[in-house]
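Trainee: I have the model open and would like to go through it. Can we start with the charged pairs and then move on to the helices?

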Amino acid sequence: MTVDLDAAALDPDAVDLSDREFWVRPPAERHRVFDLLRRERPFAFFEEPVIPMLEPGPGYHAVTRYADLDAISSQPSIFCSGKGAVSIIDIPADLHEFYGSLISMDDPRHAKIRRIVSKTFTPRMLERLVGSVREIVDDVLATARRTAAEGDGTIDVVADIAAPIPLRVICDLMGVPDEDRAMVLAMSNIVLSGGDPELIENRDDPLAAFLEAGMTLAGIMERLAAERLERPREDLTTALVTTEVDGERLSSQEIASFFILLLVAGNETTRNAISQGVLALSEHPEQRARWMADPSLDRTAVEEIVRWTSPITWMRRTATQDGELNGHRYREGDKFLLVYAAANRDLEVFADPHVFDLGRDPNPHVGFGAHGPHFCLGAHLARREIAVTFRALFDQLPDLEVAGEPDRLRSSFVNGLKRLPGRLTGPR
Amino acid sequence: MTRVVVDRELCVGSGSCEMLAPDVFEVDDEGVLAVLEPEPWDDDVPAVRDAVQACPTRALTLVD
């Protein structure tokens with residue numbers, strides 16, 4: 001892309017959120033564009049990105065103001081998720097089997113299934129998990145230390161720290177055996193690759209790759225589900241296969257798609273919050289020093305990292321009727337992208353929105369979603385993982401330095417890093 | 001006296017309220033929200049107001 005972003009920042013007509021190259025630009029540049037849209041075109045319309053072998057849809061509106069975004073999110077009967085929440089195109093029928101989970105479902109079905117799983121994610125259930133999260137983090141950091149010591153002192157913050165922590169936590173929660181975990185990581189990378197050619201071998205046919213990843217994950221789940229039906233254990237998979245909703249068990253398709261949702265949502269989001277949190281702290285050493293010295297900042301610091309990084313950039317809603325919202329007229333079928341990353345920098349809500357302030361309070365960010373029934377199920381788990389990870393990083397790897405430029409994922413949906421060069425300088 | 005009211009149709013048991021006001025709210029093992037102090041003490045009221053504000057499904061209201 002040759003568009004000069006400074007010029008684009010003055011000219012909203014030059015902005016195209018469907019251009020993949022936009023999404024690998026540094027965050028500061030993307031936020032300049034969001035600021036412009038929020039100010040001048042709060043419901044900016046874009047043509048849909050072109051996806052090989054699929055009919056292009058009618059386009060979408062990017063919602064960048066906090067108030068508009070929250071209004072849409074909190075009226076799920078008018079702005080539904082069932083046409084697809086995680087893709088701009090409507091979900092093709094053959095992918096729906098694997099990806100048509102809770103997140104792309106509306107009430108009443110959504111509420112019933114959500115209640116089954118929400119009991120596994122309550123603050124008290126997670127309190128019991130904290131010890132095991134701490135063990136996992138300690139083990140991962142010790143391994144990273146060894147990797148650096150045995151090599152030239154460098155590590156990849158993503159592969160050596162940010163990826164293994166949530167992977168192990170979520171796989172423990174679900175009861176996924178060790179031997180399947182590398183496959184789970186690889187497949188969830190494909191699911192959330194946004195078609196990034198590095199992660200999808202056949203770039204002409206990303207749909208085939210998504211389908212294959214879905215089938216592989218569903219296969220792992222089917223095997224696990226059968227094992228748990230025979231020998232129940234204390235894990236989420238057992239809860240999923242044995243619980244009834246209105247006298248009805250979840251179908252194997254529902255279980256598989258939910259499993260895929262959890263693996264993917266539980267892995268990629270927390271991973272990117274951790275890796276970009278490390279990056280943000282390295283860019284703001286005074287904030288790092290402040291948090292390191294004061295564990296009572298954990299609560300607000302974690303919220304600020306989620307606001308700042310907004311690991312999931314958007315979710316989609318679709319109008320189920322004609323109407324008007326804050327002066328914007330819409331028609332049934334209109335698609336809206338709730339751009340959380342943009343709303344999280346809305347000056348109307350956040351003082352100095354482009355300042356990274358680990359003590360920010362209140363911080364009503366929408367990094368876990370805005371008001372509405374689809375608010376992140378794993379928010380408490382993510383908060384725990386992030387808080388435990390950073391405290392352990394301060395204690396055990398205080399010498400961690402970012403040693404190069406991050407390599408960004410080419411995706412509009414996940415604000416991700418593929419690699420972040422790091423260095424352990426050793427005790428000084 | 002301030003009283004907490006839960007709309008059971010809206011509540012999805014997210015537990016956001018429990019994070020902010022653990023003395024007043026608890027999501028039980030069945031995923032159902034229990035209000036431990038339906039008429040919270042004055043000391044708890046600010047936290048309860050935060051919890052009402054933070055509820056992702058707007059299932060909580062405070063009645064004065």
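**Salt bridges and the interface**

Mentor: Over all chains the count comes to 29 salt bridges, a salt bridge being a side-chain nitrogen of Lys or Arg within 4 Å of a carboxyl oxygen of Asp or Glu. This is a predicted model, so local features need pLDDT of at least 70 and side-chain atom pairs count only at pLDDT 80 or more, while totals for chains, interfaces and linings use all residues. Residues are numbered from 1 along each chain as its sequence is written, chains are lettered from A and ligands numbered from 1 in the order in which they are written, and side-chain values use heavy atoms, with hydrogens and water left out.

Trainee: How many salt bridges does the rule find across the interface of chain A and chain B?

Mentor: One salt bridge is found there. The side chains of A:Asp70 and B:Arg58 meet in it, at 3.0 Å from N to O.

Trainee: Where do A:Asp70 and B:Arg58 lie?

Mentor: A:Asp70 lies in helix α3 (residues 66–73) of chain A, and B:Arg58 in the loop between α2 (45–54) and β4 (60–63) of chain B, so the pair joins two chains. Helices (H or I, at least four residues) and strands (E, at least two) are DSSP runs, numbered from the N terminus.

Trainee: How many residues of each chain are in contact?

Mentor: 16 residues of chain A are in contact with 21 residues of chain B, where contact means heavy atoms within 4.5 Å.

Trainee: And what area is buried between the two chains?

Mentor: About 1600 Å², with carbon and sulfur atoms giving 49% of that. Buried area is the accessible area (1.4 Å probe) that two parts lose on being put together, summed over both. On the chain A side, A:Arg115, A:Arg124 and A:His371 lose the most area to chain B, together 33% of what that side buries.

Trainee: What about polar contacts across the interface?

Mentor: The rule finds six residue pairs in polar contact, both residues at pLDDT 80 or more. A polar contact is a pair of N or O atoms within 3.5 Å; within protein, one must be able to donate a hydrogen and the other to accept it, and residues adjacent in sequence count only if both atoms are side-chain atoms. On the side of chain A that touches chain B, the elements giving two or more residues are α5 (109–118), α6 (123–150) and α16 (379–396) of chain A. By class, that side divides into three nonpolar, six polar and seven charged residues. Ala, Val, Leu, Ile, Met, Phe, Trp, Tyr, Cys and Pro count as nonpolar, Asp, Glu, Lys and Arg as charged, and the others, Gly among them, as polar.

Trainee: Switching to helix packing. At what angle do α12(A) and α13(A) cross?

Mentor: Roughly 110 degrees, and their axes come within 5 Å. Axes are lines fitted to C-alpha atoms, for helices over the stretch in contact, and angles run from 0 to 180 degrees between N-to-C directions. α12(A) and α13(A) are therefore roughly perpendicular to each other; angles under 35 degrees count as roughly parallel, over 145 as roughly antiparallel, 65 to 115 as roughly perpendicular and the rest as oblique.

Trainee: Which residues make that contact between α12(A) and α13(A)?

Mentor: A:Leu281, A:Ser282 and A:Glu283 on α12(A), and A:Pro285, A:Arg288 and A:Trp291 on α13(A).

Trainee: How does α13 of chain A pack with α16(A)?

Mentor: Helix α13 (residues 285–293) of chain A and α16(A) pack at about 95 degrees, with their axes 10 Å apart. That makes α13(A) roughly perpendicular to α16(A). A:Arg288, A:Trp291 and A:Met292 in α13(A) meet A:Phe390, A:Arg391 and A:Phe394 in α16(A). The contact has four nonpolar, no polar and two charged residues.

Trainee: Last topic, backbone. Where is the peptide bond with omega near 10 degrees?

Mentor: From A:Asp107 to A:Pro108, and that bond is cis. A:Pro108 sits in the loop between α4 (93–99) and α5 of chain A. Another cis peptide bond joins A:Asp361 and A:Pro362, with omega about 5 degrees.

Trainee: What is the phi of A:Ser310?

Mentor: Positive, about 40 degrees, although A:Ser310 is not a glycine. A:Ser310 is in the loop between α14 (298–309) and β7 (314–319) of chain A.
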